[in-house]
Structure formats: structure tokens, C-alpha cells
Amino acid sequence: MQRSAPRPPLRFSTQTLLLQLAVVLLVVLLSAAVHAWLTYDRVGSEAENQALTLARTVASDPEVRANVLAISEQPGTPPPAELLAGPLQSSAEAARTRTGALFVVITDETGIRLAHPDPQRLGEKVSTDPSEALSGQEITTRNTGTLGPSAGAKVPVYAPGTATVVGEVSVGYSMETVAQSVARDIGPVALTAAGALLAGILGSFLLRRRLQRLTLGLEPEEISTLVHDQVAVLQGVDDGVIGVSADGRVSVFNAAAQRLLALPDLAGTRWEEAPVPEQLKALTRPGSGTDVPGTAGSPVDALELVAGGRVLVANARKALHRREDLGWVIMLRDRTELQQLTRQLDAVGTMSTALRAQRHEFANQLHTLAGFLGIGQHQDARDYLARLAATGPLKFPVDQAELLQDPYLQAFVGAKGVEADERGVALRIGPETLVRGQVTEAQDVTTVLGNLIDNAVNAAVAGSSTDRWVELEVLDEPADDGGTLHIVVADSGDGLAEGTDAEGVFAEGFTTASGPVRAGGGQGFGLALARQLARRRGGDVKVLERGTKGGPGAVFMATLPHTTAGKPAAATPGAAGKDENG
């Protein structure tokens, strides 16, 4: 026998709706019940007061007082027939008929009925205790007698001209009549309660719809899971994520975005007032490419910018859920490390090419020696070896590279020299170059140095001079807390164009080879990045000379504090000779 599958639990929105309906129903029913009880009690109190007034009126009637006294003075009680025809029965029935009371009963001092609506009850003792009234007290009561439940009053009857109690008058109004009166009064209350119940039901349905719209139809458990997943994903990725809600406020600004932009958490800030680069704000404005119908949700072209000393690639997407506009999502990717890795790979590639060329040259030299020896020209072979020993068997692309005693700088500048040589540009070391310490911040140094050399090579290639060269001078200034590296780069290009501001070349998207370039093309960020890195270390990158048409070109100087270590040693005579001859 197969067991039926367990019923799935009710959705949270359905549970909320049912709970709201139950609360509304309970409140309405309690309110109606309390109002009905208060109305019933009020109408019953009015009936008691009315009965007390009528009882006082009957008990104060002189004829009633005289007739009761006369019967009380007689030995025994008159028979029922005599009481039925007597004046007390007539007065009591007249008062009851006139006022609509349930009963008007008159008794003697012992509680024997002298007047009663039911003739068969005449001459009998009353069914309720008359002792309080017979003792001279006026009381109101609610009890059930021979005629049914009633709200009434008991008033003593005094002998004429004395304070002697000779009987009592009991008047009652039917509680059924009171209930009918309450039913008439409770009708509007019931209608009001029904209206309140309908309004509560309608409000509950509207609240349920709004709750579903606000939560996108998700249950609390799903929302909790999404929040945990969002925190794990947004804070765990290396890419910067910025969320801009539909109302124009920053809703997400993850840790990677804070790190890449060097800003605190901007969640809750208006996007147009946020201290982020203007290029990012432009991505979310009309005309950015995602506001055209049919293109919402598609990525825009990647935008490159420099922020916080980093080259960033940013793009924006329109966030939609079904047809609801949720705002924008902006992604930031750090391209700085990629550029540095690319530069290192280029350096490795150029060095590999240089080594292959040098290997080929070395092989040719060996073949020459083998030829001399093969034909017996031993003296010529010795002379050839002497020349090789004097000049070096291999040709290094950068002269006087030995002035850069740091091996990392030698290798890097050598790779740049090979690369420049392939483009027809001679990279040379200036005579003022002298680096005797060791580079401790290789990443920042090569980033700045590489950008300056690449920029100069591009300018030399684009220049009008046929003698294309780039001259590099590097000097370290030792210090106990880290030496400062001074870099000067000049080229044979045409210098800065007329009207170009010396500070404008450090703007994003500018290259000295061709002026301003379009953002996103992968160019125009070298100088801006180099300056930001230098300034972040307390240094700077400046334009020393603007250059002239036909050359020489512009001269740039970079200062990088705290990038070297080690105190300079005394220069050797050989090194001095090299300086003098260089």
C-alpha cells in the first residue's frame, strides 16, 4: 500500500494571509460581543430604572396604601376571588397595561400576593424574597420568576401617614423584551462589524500582494538563502561590483570595489553624488547604449579608466526581473596586474628573440674559427679570438648597461632595448646614470619605467626625425628608510603638440605619440598610471621639456621614493673609466 505524499507546507504569504484574516475576524467578533453586552446591560439598567419608577408610583398611590393597610388589618387573607375583584388588582393591572410591564405585583407585609397578572397566583406567597422591600429598602433585581426572566424593582408600601411597612410593590419588565430592544440596536453594530471584516479581508489581500511584489514572490527561507549567497559571492570575488537601485541610490558596493576605487562603502549614497569617477556615472545615464528599447540588459562597451593607481575595466548592465526595472550593475576588473604580466611576457619574449639572434651570431663566430683552423690559419684564428675577447662575443642591445648594477634593472632595460631596436629605435643609457643599490619595489619601478620607455619609443617612431633614439638616465639616492630612484627619459620625437598642456598629457586617454585617444582602446593610460603610482609612493612624474618639432622630443622625469636599498660602494677605476668614456 503506497503512502500518499505529504502535503507541501503552505507558502509564507498564504500563512500570513490566513493569520491576518483570523486576527481580523477575532477582533471583529470580540468587538461586536463586547458592544452587544454593553448594549444589553445598558438596556437592562434602563428597564430596572423604569420598573423602579413605576413601583414607586404605584406604592405611593393613597388608594393603594389604604387598601393594603385595610387588608393587612384583617385577620387572614381574603380569598382569590375577592382579591381579583378588588381595587388593588384593578390598580395594578391598569398600571401594567399602561406601561407595558411584564407584571405589577402588590403584596401584604408577609409577602402574600394581593394583585398579580395571573389570577391563579393571587393569595400565594411571592416566588422571590420580599424581605428587603418589607424591611423598608428599595431594590432593583434581575431574576426569573413565575412569568419568566425579568428586570424589575421592589418598593415598600407604607401605611397612610406613617412609616410602617404594610406591604410591597414589585414591578418587572421582561428580559425578552430587553433582548428584542438590544437586537434592534445591535443591527447597525452587526453591519459595522461585517463592514470592518470585509475591509480587513480586503486589506489582507492587498497586503499579501504588496508583500509578494516586494519579495519578488520569494519565501523568507529563499530570501535568507539569497542574502547569504549574495554576501558570499559579492565579498568573495576579486571583481568590484556596484549596484545602483532604480531610485538612483547605491545598494551594493562590495569590498573589491572599495579596494579598487580606494573608497569606503558607499551603500545608501545617491549615485549622482557618489565620489566615484565620472566615467562610471556616465555608463548609467541616457545615451550610454542600454537605454534604447530592446537593448536593456545587454552589456555596454568596456570602459578603461585609471583610479587609485590602477587601470580598471568597467562595464554596466541593466538589471531586470521579468518586466521590473531593478537598476544597474556595474562591474570593475583590475587590469593593472594583467598589464604588468603582459609587459613581463613581452620582456621575456624580446629577450628570447635576442638570445636566439645572439645564438645565431655565436654559431657564425664558431664557424669562422673552425674555418681558420681547418685551413691551417692558426695565427688568424688567434687574432680573431683576441678581437672577440676585446669586444665581447655577444652584442648587448643597450650600451653602458653596467651602470645599472641592479640585475633586475639590467634585464628589464635590456629587454626594452631589444624591443626598441626591432622598431628601429636605439635605446641608450645616459652618461649621468648610476644605480648602485638594489631595487626593492620592482613592480612599481618597472611599471613606471616601462610606461615611460614605451611612451618615448612610440613618440620616437611617430616623430619626423630619421635618427630615432630614446635616452634613459637613472640615478639612485640612498637613504636609511629606502632610497629614491630618479628616472629621466628623453626621445627624438616631435615633442608635445602645440596647445597641449604639460599636465594634460597625464590625463586618461592621452598619448604623446598621437594626442588624445578614445577611451577603451587600450592606450593612453601609461602616463596617468605612472604618475598615480609615483604619487602614491610620495613621488611624482613631470614633464621637464616639451620638445620641438623635428626633435629632440619631450623629456619626462619620475621620482620614486623608498624603492631601493643598499648604500653605494666606492666606484672602481674601471667603472670610472666607463663613466668618462660613456
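Select R428 and W469: the charged end of R428 sits over the ring of W469, 4.3 Å from its centre (the criterion is NZ of Lys or CZ of Arg within 6 Å of the ring centre and within 35 degrees of the ring normal). This is a predicted model, in which local features need pLDDT of at least 70 and side-chain atom pairs count only at pLDDT 80 or more, while totals for chains, interfaces and linings use all residues. Residues are numbered from 1 along each chain as its sequence is written, and side-chain values use heavy atoms, with hydrogens and water left out.

Next, select L452, L472 and I487, which have the most contacts inside the largest nonpolar core, a set of 43 residues. Such a core joins buried Ala, Val, Leu, Ile, Met, Phe, Trp, Tyr and Cys residues through side-chain atoms within 4.5 Å; buried means under 20% relative accessible area with a 1.4 Å probe, protein chains only. Elements giving two or more residues to this core include α13 (442–462), β13 (469–477) and β14 (483–491); helices (H or I, at least four residues) and strands (E, at least two) are DSSP runs, numbered from the N terminus. With eight residues, α13 gives the most.

Stay on I487. Among the residues it touches are L449, E473, F556 and L560, not counting residues up to four places away in sequence (contact: heavy atoms within 4.5 Å).

Now move to the open sheet, where five strands run in the order β7-β6-β10-β9-β8 with antiparallel pairing (pairing needs at least two DSSP bridges). Its edge strands are β7 (250–253) and β8 (303–307). Finish at G243, which stands opposite V252 in β7.

Conventions: Buried means under 20% relative accessible area, exposed over 50%, partly exposed in between (1.4 Å probe, protein chains only).
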